[in-house]
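Here's a quick briefing to read alongside the sequence and the 3D view.

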Amino acid sequence: MARTSQTLSSNVSLLKSKASKHAIFGVIIAFAAIGLATLGVAFMNGSEIGFEAVIRAQKENPALWLLDAMPFIFALWGQYVSSLMAYEASAMVIDQTSELRTQTTILEQQAMRSATYDALTELPNRILLRDRLEQAILSASKKKRRLAVMIMDLDRFKEINDTLGHYNGDRLLKQVATRLQGVIQEPGTVARLGGDEFAILLPRISEVKEVGSIVGKIHKALQAPFMLDTLKLDIQASVGAALFPEHGADADTLLQRADVAMYVAKKDHSGFVVYASKHDEHSPHRLTLMGELRHAIENNHLVLHFQPKVNVKSNVVEGVEALVRWQHERHGLMPPDEFIPLAERTGLIKPLTHWVLRQSLKQCAAWRLAGLNLCVAVNLSAQGLMDMELPDTVAGLLAANDVPADRLILEITESTIMMDKDRALQILTRLADMGVRLSIDDFGTGYSSLAYLSKMPVKEIKIDKSFVMDMENNKSNSVIVRATIELGHNLGLSVVGEGVENAEVLGILDRLNCDSVQGFHLLRPIAGPAFDDWMRKAKEKGEIRVEAGNICLTPSA
Ligand code: C2E
Ligand code: CA
Ligand code: CA
């Protein structure tokens, strides 16, 4: 306030001095006019123009008296008007400046909000929750109080999302958020961590019982069916809780332990579990893996296995699919299902995908050097495909390894495409324009129509192994496989059968004109460095021939 009035008075004196300058000119002009008028009157009086004549004119002519007063009137009036205007102008400038300041503050607040609040549910996001949790820990430790943090995950949400689409999935999440807000009163916080995962912070509790009673209320609030248009949905949730100080002294440990407890609640369908150290045994991976995965990617603790894809009619190995594993110090060779979802949730999927792409193309280049015609297929997860920089990354890696674009196949699932169709189409088109081939993986597990998918620039569909594996005994699966092959061919797509575990299934797929197959019956995924070894031995045993750079399985293999 003091600064504003200081600015106002300095602005006013600045403007006033400018206006005063002009007033002085006015006064000089007025004096000049008086002089001229006096001389004029003296001249008209007929006397010679001199000092006496001028004095006489001034004494005798009342009109000149009026004129004489003018400079003083102008000077006073000028001073008055100039200071008035200076005040007005300066006040206007100050008003506008403070309006600009208010607008900037609003914009700053909006930016701050979007960084700390979830756009869909308008609940605090992970960042704000952590911040509040840290504050709460500080205050709880000072006042020797307890607090609880809970993680809640909806059961079967992925199914709902895949079946009803993302739009409806989002609508459901909003409704869940509203109900949770109803249950959790101040000073508690409900936050959305991402996907269908929510967190609840209770900064002041005295007993574990209190947490149990709040979770009871949450379950009750979720009991009434959710309405999506005319559709009624029953939603259950699993909640895990960790308490300060008994389960951890910092935000990270508490959140991780609440996550472990939630995982146990989900596994035993109990709905709610408070963390206990014995739970770590059920989920040793989950607890520590998050921190270790980044290190593993950076230090090449991941490995690629390659599974050949074989042409049914010619028996030629057309290419290999790169399947990532994690060579973990304590847990041994970990399958992708145990860490890919984690990588998706923690934002590590991008560096992971880049690692897989880099290693796959390096391997592909090595095979090319050795004179082998092998394409390499890389799996892209949902977050991996949504990366707008992916086409450029791929272009760079292809060039760096001197691998032609048509040697690379990217496998994407239908649900990934359906997550954000426009964005997927944009990225896939750029990749296809570069010459990269695109394949729809796990086909049949989503709910999208093949007619829609064929509008994407894809070349191939891979029928999910759940339909193929037992098709010799399962009538409905074999009908699905037959129909998919026919439809795929009608749409100009090449069709791959995954999960071929025996000769019978291979025979059926051959009769159904399936183009290529992949499965344990033909070849299991082989570690990169072991691939050459396998080739050498298989050649010796007569299981494969290599003709013009093509690896060809001999029919008995
Ligand atoms: P997917 O893309 O469907 O890969 C095929 C999976 O089926 C592989 O499991 C493979 O080992 C297995 N498989 C192959 N033939 C047979 C068979 O005859 N019978 C049976 N029962 N299974 C067979 P894996 O390697 O455990 O990979 C699992 C999933 O993890 C993959 O499914 C893929 O979705 C994901 N994945 C693997 N590597 C990557 C990666 O680099 N990036 C991403 N985003 N996902 C990956
Ligand atoms: Ca795949
Ligand atoms: Ca698959």
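This is a predicted model: local features need pLDDT of at least 70, side-chain atom pairs count only at pLDDT 80 or more; totals for chains, interfaces and linings use all residues.

Residues are numbered from 1 along each chain as written, chains are lettered from A and ligands numbered from 1 in the order written, and side-chain values use heavy atoms, leaving out hydrogens and water.

- Donors here are N, O and S atoms within 2.8 Å of the metal (3.2 Å for Na, K and Ca), and sites may look incomplete because water is not among the atoms.
- D442 sits in strand β13 (residues 437-443) and E498 in the loop between β15 (494-497) and α19 (503-511), so the pair, 56 residues apart, links distant parts of the chain.
- Strands (E, at least two residues) and helices (H or I, at least four) are DSSP runs, numbered from the N terminus.
- D441 also bridges ligand 3 and another calcium ion (ligand 2), and the two ions lie 3.9 Å apart.

- E498 counts as buried because its relative accessibility is 7%, whereas D442, at 23%, counts as partly exposed.
- Buried means under 20% relative accessible area, exposed over 50%, and partly exposed in between (1.4 Å probe, protein chains only).

**The bent helix**
- Helix α5 (residues 157-183) has a kink of about 130°, centred on G165.
- That bend is the angle between axes fitted to the seven residues ending at a residue and the seven starting there.
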